[in-house]
Amino acid sequence: MTKIIVLLVAAALIDFIVWWFFGNHYQQAVTADVSEQNIQHVQVIVDGGYQPETVVLKKGIPAQVHFQRQDPSSCLEKVVFPDLGINEFLPEQQDHPITIDTSKAGEYDYACGMNMFHGKVIVK
Amino acid sequence: MTIKNRFIFSLLLSLPMLLQMVLMPVGWMLPGGNWTMFLLTSGVMAVSARPFIHSAWAAFKNHHANMDTLVAIGTTTAYLYSIYALFQHQGVFFESAAFVITFILLGQVLEEKMRHNASSAVEKLIDLQAKEATVIRAGQAYQVPLEQVRVGDSLQVKPGEKIAVDGVITAGTSSIDESMVTGESLPVTKKAGDHVIGSTINQSGTFTFTAQKVGNETLLAQIVALVKKAQTSRAPIQKTADQISNIFVPVVLIIAILTFVIWNVFLQATGVQALLFAVSVVVIACPCALGLATPTALMVGTGRSAKAGVLIKNGEVLEAANNIQTIVFDKTGTITNAQPQVTDIVGDTQQVLQVAAALEKNSEHPLAAAILQAAQAQQLEIPTVKDFKALIGQGVQGQINHQLAFVGNEKLAAAYHLNNDFQQQMMQLQEQAKTVVVVGCSQNLIGLIAIQDTPKPSAIPTIAALKNQGLKTVMLTGDNERVAQAIGQQVGIDQVIANVLPSDKADTIKELQQQGHVAFVGDGINDAPALTTADVGIAMGSGTDIAIESGGIVLVRNDLRGVVQALELSKKTFKRIKLNLFWAFIYNALGIPIAAGLFVGWGLLLSPELAGLAMALSSISVVFSSLLLNKTKLTTIPV
């Protein structure tokens with residue numbers, strides 16, 4: 001009897017893992033606000049990933065993405081934009097603005113130092 | 001709390017448990033027994049393991065899972081089960097949770113240190129900059145901070161001082177140590193008119209120079225920017241690893257559940273045994289090793305290359321350089337010195353030289369400099385030219401004293417009658433590997449100028465070294481067949497392709513690409529299309545004007561031997577990436593089945609503690625292996 005329960009629980013857990021991690025969980029992209037000084041600002045919370053994962057910037061307006069790292073893990077201590085040559089350390093519990101070149105439209109993927117967590121900046 | 005402090009804390013609390021494990025055979029037990037273990041482990045979990053649990057939970061909410069997820073699940077499972085067992089008066093394994101945390105934190109402490117070493121190359125480059133400079137204004141010398149130096153400022157440099165910015169010497173001579181920027185180990189002697197590079201060290205004399213490039217424009221600043229970009233770039237080979245690490249953690253969790261079920265339900269193991277196997281699986285799996293394999297090697301490899309004066313643009317270039325079969329050189333300026341000199345003049349020396357010099361004054365062709373130099377040496381008066389026109393691939397023409405004059409190659413001469421005498425002399429000169437230009441005035445050919453460009457001393461050993469590596473060497477030039485062949489033979493090149501118009505260089509590369517991957521070596525300014533067409537474009541730098549945009553690999557120093565080192569460094573770095581990835585794959589592919597108890601029949605068994613140690617070592621070994629790239633010895637080629 002116990003064995004059947006173990007089997008059922010295991011099957012349920014596996015189902016849950018597959019659905020939770022591999023299922024399609026759509027996240028809304030966030031558009032940056034344009035300040036009075038004509039600079040775009042958008043905040044990304046770094047905590048077990050990037051929140052929001054996708055931010056949208058307007059082309060041609062100077063932009064800053066403010067990373068705020070709340071996660072103590074060393075996994076997320078750096079943020080890397082391979083296309084833009086940005087590799088910066090994010091101090092914990094602090095606002096760390098990164099200036100993004102918005103002169104060209106495009107999609108810039110970014111990731112943590114070990115390329116485990118991903119995010120995206122879209123300039124259009 | 002820093003990782004180091006978390007590690008020390010968990011080590012201190014784990015030590016009594018370790019002592020008990022060692023002294024158990026002689027009958028020593030921890031005072032308070034399991035309850036003491038419970039308290040110690042609770043301390044470890046609450047302080048040292050909490051950040052793991054925090055990240056794991058935060059990631060979970062975002063539908064993500066990473067290494068922290070595995071550590072958190074593995075240790076919490078062991079910890080919670082032990083609490084349950086404590087109250088049920090069954091065997092506990094608190095120490096597993098505490099030891100795993102200690103080992104993993106130890107791993108992270110070491111890894112952090114090594115990762116810092118790996119990325120420090122760029123910071124070291126920036127540190128090379130001078131902090132202040134001596135600016136001369138109205139005859140007075142002032143010390144100013146580096147940021148205040150402007151283009152056009154006159155700067156004085158004393159022996160032993162650092163040169164602040166890029167510029168041209170106006171007065172004085174000195175020998176300068178440029179090794180930090182160009183990788184050239186011998187000091188270079190410079191005099192008025194020569195370019196100096198910011199951040200290099202003035203050794204012997206005092207001189208003044210005019211600042212030409214400051215701030216982000218300087219060579220060093222450009223190198224730093226390029227290396228930074230290269231270090232964050234991704235290599236295509238990493239894609240598979242990334243795809244795996246995306247699904248890695250959930251898959252490991254599923255494997256752990258299956259391990260438990262199979263042991264408990266099908267193999268009749270007790271719940272505790274099955275749980276230990278499952279926990280080991282979760283703990284040993286290491287997505288970090290996969291994630292670190294490429295970036296760390298790329299970081300160290302590109303940094304190491306920069307030190308040798310070889311700038312590798314990104315991971316893609318590195319990978320492409322590894323598959324090169326043919327290496328194509330541009331002749332002028334690459335194989336040869338590009339400082340050709342006039343050797344013979346046929347016809348009325350003075351008249352021929354005057355016409356030629358007048359026309360070439362407006363030209364940027366390397367041969368033009370030779371003609372102008374010869375004219376200056378004879379102190380000839382150079383007439384003015386109207387309606388100057390460059391005939392691409394042929395020469396130049398213009399009006400001198402209302403007469404149409406021209407200077408050019410055979411193609412241009414084809415329109416005119418070349419008498420037998422000229423023709424014969426032309427053949428003779430060409431056979432001596434000299435470039436012959438024809439000079440004409442008002443529809444008549446008035447003379448020939450023979451110009452010779454000598455191969456660089458480094459060309460012969462470089463070509464030999466490349467051939468030794470099994471590469472096919474090709475030389476490309478706009479010169480005629482005979483001149484090209486003569487130079488080609490001198491330096492020992494495999495194949496010579498002559499009479500190629502500048503605009504056709506890229507097409508020739510395309511043709512060669514049908515036989516295999518091609519690298520092209522040229523100067524960044526004239527050869528930009530060929531450099532971008534080739535699988536790997538290697539741009540040779542000269543002085544401060546390195547055309548960083550055009551080449552996949554940029555050699556800071558105008559030294560052909562850098563080509564051998566560039567290929568060598570790319571290959572070594574790429575090999576290291578492959579080795580790292582292989583190790584990371586094999587580690588997980590073997591470690592997980594062992595932890596799951598697949599080899600118990602052969603006595604191969606891993607406790608969660610050992611799994612934790614193995615996991616810590618695996619990511620350390622990958623970073624360490626990358627750091628070994630710093631120690632790479634490069635083949636030195638004697639000139």
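Helices and strands in this tour are DSSP runs, numbered from the N terminus. The model you have open is a predicted one.

Begin by selecting B:R557, which you will find in the loop of chain B that runs between β22 (553-555) and α21 (561-595). With a relative accessibility of 18%, B:R557 counts as buried, because the cut-off for that class is under 20%. Next, display the neighbours of B:R557: leaving aside residues up to four places away in sequence, B:R557 touches B:T182, B:G183, B:E184, B:A308, B:G309, B:G541 and B:Q565. Of these, pick out B:A308, whose backbone oxygen is reached by the side chain of B:R557 at 3.3 Å.

Now move to the interface by showing chain A and chain B together, where 43 residues of chain A are in contact with 47 residues of chain B. The area buried between the two chains is about 3600 Å², and carbon and sulfur atoms give 64% of that area.

Finally, colour the elements of chain B that give two or more residues to the side touching chain A, namely α3 (50-61), α5 (94-127), α7 (219-232), α8 (238-266) and α10 (287-307). The one that gives the most is α8(B), with 16 residues. Coloured by type, the residues on this side of chain B divide into 22 nonpolar, 16 polar and 9 charged.

How values were computed
Residues numbered from 1 in each chain as written. Chains lettered and ligands numbered in written order. Predicted model: local features only at pLDDT ≥ 70, side-chain atom pairs only at ≥ 80, totals over all residues. Heavy atoms only, no water. Contact = heavy atoms within 4.5 Å. Buried area = accessible area lost by both parts, 1.4 Å probe. Helix = DSSP H or I, 4+ residues; strand = E, 2+ residues; numbered from the N terminus. Nonpolar A, V, L, I, M, F, W, Y, C, P; charged D, E, K, R; others polar. Buried < 20%, exposed > 50% of the residue type's maximum accessible area, 1.4 Å probe, protein only. Polar contact = N/O pair within 3.5 Å; in protein donor to acceptor, adjacent residues only side chain to side chain.
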